[in-house]
Amino acid sequence: MIIAVDGPTASGKGTIAKALAAHFGLPHLDTGLLYRAVGRQVFLDGGDPGNGGDALAATSFPDSLLDDPHLRTEETGGLASRVSVHPSVRQALYERQRQFALQEGGAVLDGRDIGTVIAPEAEVKLFVTASVAARAKRRFLEMQQRGVKVTLAEIEDDLRRRDERDTNRAVAPLVPAADAHVIDTSALDRDAAIAAAISVVEKAL
Ligand code: C5P
């Protein structure tokens, strides 16, 4: 069974994907981490994320980079969103994601284009979303806990910019698959969002 979980930044898709993987005993791949690693590698190389050649070269990042705590920062998220517009970068990361999806026994993958491009045959597709205000508030609380100085308005701006780039890019834009179940987490807490997702998957089995 392949479970595809797509959605915008800070929608709760990562939390939901992790919880589904634990609940159904499936391996989980956070595909955003691969794009983040490419973004980070471009930065380490002193390259330009807007340059397709620089970004493609960075797809051969070492696996050890996936453990780098810098991958989780907003800066790297922004770099990831910039390198991810290049078709050559998406192509280079395709095989790795595809193999993960096709492993025996199934898998949970979360990202932007799992249900549309990476695993269009997935048995269950979830599109997890939430209002910009709800997502910005979550991200803001997370940042405050980590002691990062940033305003709610700055976070909202950044989310809108990333949504805009992810939704309007020519290749694999962020759109729900026609057969995706949409879960809006704006008014749901963590447990309620996870319960909603488990119930969708159980009905689809
Ligand atoms: O999900 P996360 O915020 O870690 O993703 C970082 C960026 O990587 C996204 O803004 C998006 O541009 C890109 N991405 C993508 N396709 C995926 C996963 C992430 O384009 N499957």
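UniProt positions are given in the numbering used here, feature names are shortened, and annotations may be inferred rather than shown by experiment. Residues are numbered from 1 along each chain as its sequence is written. The model is predicted: local features need pLDDT of at least 70, side-chain atom pairs count only at pLDDT 80 or more, and totals for chains, interfaces and linings use all residues.

**View 1. The segments annotated by UniProt as "domain: Cytidylate kinase".** An unreviewed UniProt entry places this feature at residues 3-38 and 70-201. Residues 3-38 are 53% helix and 19% strand, with end C-alpha atoms 24 Å apart. Residues 70-201 are 55% helix and 11% strand, and here the end C-alpha atoms are 33 Å apart. Helices (H or I, at least four residues) and strands (E, at least two) are DSSP runs, numbered from the N terminus.

View 2. The protein chain is split into domain 1 (1-27 + 106-205) and domain 2 (30-102), with bounds that come from an automatic or database domain assignment. A distance of 19 Å separates the C-alpha centres of domain 1 and domain 2. Domain 1 gives 17 residues to the contact and domain 2 gives 15 residues, where two residues are in contact if their C-beta atoms, placed from the backbone, lie within 7 Å. On the side of domain 1 that touches domain 2, the elements giving two or more residues are β3 (107-111), α6 (114-118) and α8 (152-168). That side of domain 1 comprises eight nonpolar, three polar and six charged residues (Ala, Val, Leu, Ile, Met, Phe, Trp, Tyr, Cys and Pro count as nonpolar, Asp, Glu, Lys and Arg as charged, and the others, Gly among them, as polar).

**View 3. The bend in helix α5.** Helix α5 (residues 87-101) has 15 residues and spans 20 Å from its first C-alpha to its last, close to the 21 Å expected at 1.5 Å a residue (1.5 Å times one less than the number of residues). At tyrosine 94, α5 bends by about 35 degrees, the angle being taken between axes fitted to the seven residues ending there and the seven starting there. Val89, Arg90, Leu93, Gln97 and Ala101 are the buried residues of α5. A residue is buried if 20 or more other C-beta atoms, placed from the backbone, lie within 10 Å of its own, exposed if 12 or fewer, and partly exposed in between.

**View 4. Alanine 10 and serine 11 in the annotated binding site.** The unreviewed UniProt entry places a "binding site" at residues including Ala10 and Ser11. Alanine 10 is located in the loop between β1 (2-6) and α1 (13-24), and is buried because 22 other C-beta atoms lie within 10 Å. Not counting residues up to four places away in sequence, alanine 10 touches Arg135, Arg138, Arg139 and Leu159. Serine 11, in the loop between β1 and α1, is buried, with 25 other C-beta atoms within 10 Å. With the exclusion of residues up to four places away in sequence, serine 11 touches Val128, Thr129, Ala130, Arg135 and Thr185.

**View 5. Positive phi at alanine 10 and alanine 172.** Most residues other than glycine have a negative phi. Alanine 10, although not a glycine, has a positive phi of about 60 degrees. Alanine 172 has a positive phi near 45 degrees and lies in the loop between α8 and β5 (181-184). Alanine 172 is partly exposed, with 19 other C-beta atoms within 10 Å.
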